[in-house]
Amino acid sequence: MQAEDDDTAAADRALMERVWAAPVLAGELPPFDPDTAPARPGLLFAGWLGRALGDGVPEPHIVTLSTAAADGTPSARVVMLRGVDSADCAVVFAGDRLSVKGRDLSARPVAALTWYWPAYGRQIRMAGPVDLLGAEATRQDFLARSPLSRAAAFTGRISTPLSGQEEYDRERRAAQALVAAEPERVPPTHAVYRLRAAEAEFFQARPDRSHARLRYTRDGDGDGWSRILLWP
Ligand SMILES: Cc1cc2nc3c(=O)[nH]c(=O)nc-3n(C[C@H](O)[C@H](O)[C@H](O)COP(=O)(O)O)c2cc1C
């Protein structure tokens with residue numbers, strides 16, 4: 001056991017040597033002047049996302065969603081951006097109400113979202129209250145998906161233990177048959193959430209490490225925003 005631990009520690013050190021040698025913020029990063037940023041953060045978000053999509057940044061719509069359970073236990077996972085309301089700085093994502101995130105959001109309807117686009121050295125953070133959208137929006141979100149994606153949502157019970165590949169394959173075949181037979185069917189636990197940012201923060205890394213960090217805070221519950229630069 002001791003010999004194995006020593007080998008593992010040596011492997012960890014070798015791994016970290018490679019981590020420290022890995023490039024960070026390499027290449028040309030886009031300029032960002034906080035002084036000319038829009039007064040509303042949703043517009044800045046849409047501009048940054050639009051540019052990332054246009055330039056072929058890989059999967060810029062994948063975002064880390066952080067939630068907290070009733071007892072405060074945090075958890076995070078990636079989800080897909082399903083909608084945006086840039087005038088209001090709100091974004092939409094979807095999941096299953098019985099998943100960990102679904103149960104967290106029932107208990108504490110607040111969340112944080114974090115995007116990171118390494119090719120740009122850009123990080124965007126949003127946090128705020130989360131609302132569950134109604135039945136029609138939920139239906140539209142679900143039926144806009146491919147048959148494979150819809151079948152995945154009907155396969156098994158998310159975030160619960162799975163006995164193995166055999167059980168998975170069996171459930172998946174049954175789910176694919178269900179979607180083919182009833183293409184309009186929506187799982188009762190499919191949920192679409194709208195996070196309305198109370199805060200939004202934009203980080204633009206610069207190769208010389210003179211990073212820029214701009215935070216917007218919503219004035220009360222309204223449409224106005226305050227802006228402040230933060231030390232990076
Ligand atoms: C690229 C990618 C996109 C994903 N998109 C979603 C999504 O939009 N909604 C979702 O519920 N899970 C999505 N997942 C799965 C989640 O990351 C997570 O594993 C799952 O939702 C269970 O999380 P939970 O138990 O913490 O709620 C995605 C995973 C990957 C790798």
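This is a short tour of the model, stop by stop, with something to select at each one.

**Before you start**

You are looking at a predicted model, in which local features need pLDDT of at least 70 and side-chain atom pairs count only at pLDDT 80 or more, while totals for chains, interfaces and linings use all residues. Residues are numbered from 1 along each chain as its sequence is written, and side-chain values use heavy atoms, with hydrogens and water left out.

**Stop 1: the whole chain**

Show the protein chain as a cartoon and you will find six helices and ten strands; these are DSSP runs numbered from the N terminus, helices being H or I with at least four residues and strands E with at least two. Along the principal axes, the C-alpha atoms fill a box of roughly 60 × 55 × 40 Å. Of the 232 residues, 34% count as buried, where buried means under 20% relative accessible area, exposed over 50% and partly exposed in between (1.4 Å probe, protein chains only).

**Stop 2**

Select Leu 15, found in helix 1 (residues 2-21). Leu 15 is partly exposed, at 46% relative accessible area.

Next, go to Leu 25, in the loop between helix 1 and helix 2 (41-54). Leu 25 has a positive phi of about 55 degrees although it is not a glycine. Most residues other than glycine have a negative phi. Leu 25 is buried, with a relative accessible area of 17%.

**Stop 2: Val 63**

Val 63 sits in strand 1 (residues 62-68) and, at 3% relative accessibility, counts as buried. Which residues touch Val 63, leaving aside its neighbours within four places in sequence? Select Arg 77, Val 78, Val 79, Leu 113, Thr 114 and Trp 115; contact means heavy atoms within 4.5 Å.

**Stop 3: the aromatic cluster**

Now pick Phe 32, Trp 48, Phe 202, Tyr 216 and Trp 225, which form one aromatic cluster. Rings of Phe, Tyr and Trp (its six-membered ring) pair if their centres lie within 6.5 Å; planes under 30 degrees apart are stacked, over 60 edge-to-face and the rest tilted. By this rule there are seven aromatic pairs. The rings of Phe 202 and Tyr 216 are edge-to-face, because their centres are 5.7 Å apart and their planes at 75 degrees. Phe 202 lies in strand 8 (residues 199-204) and Tyr 216 in strand 9 (residues 212-218), so the pair ties together parts 14 residues apart in sequence. Tyr 216 also pairs edge-to-face with Trp 225, with centres 6.5 Å apart and planes at 85 degrees. Both Tyr 216 and Trp 225 are buried.

**Last stop: Arg 209**

Finish in the loop between strand 8 and strand 9, at Arg 209. Arg 209 has a positive phi of about 70 degrees without being a glycine, and it counts as partly exposed at 46% relative accessibility.
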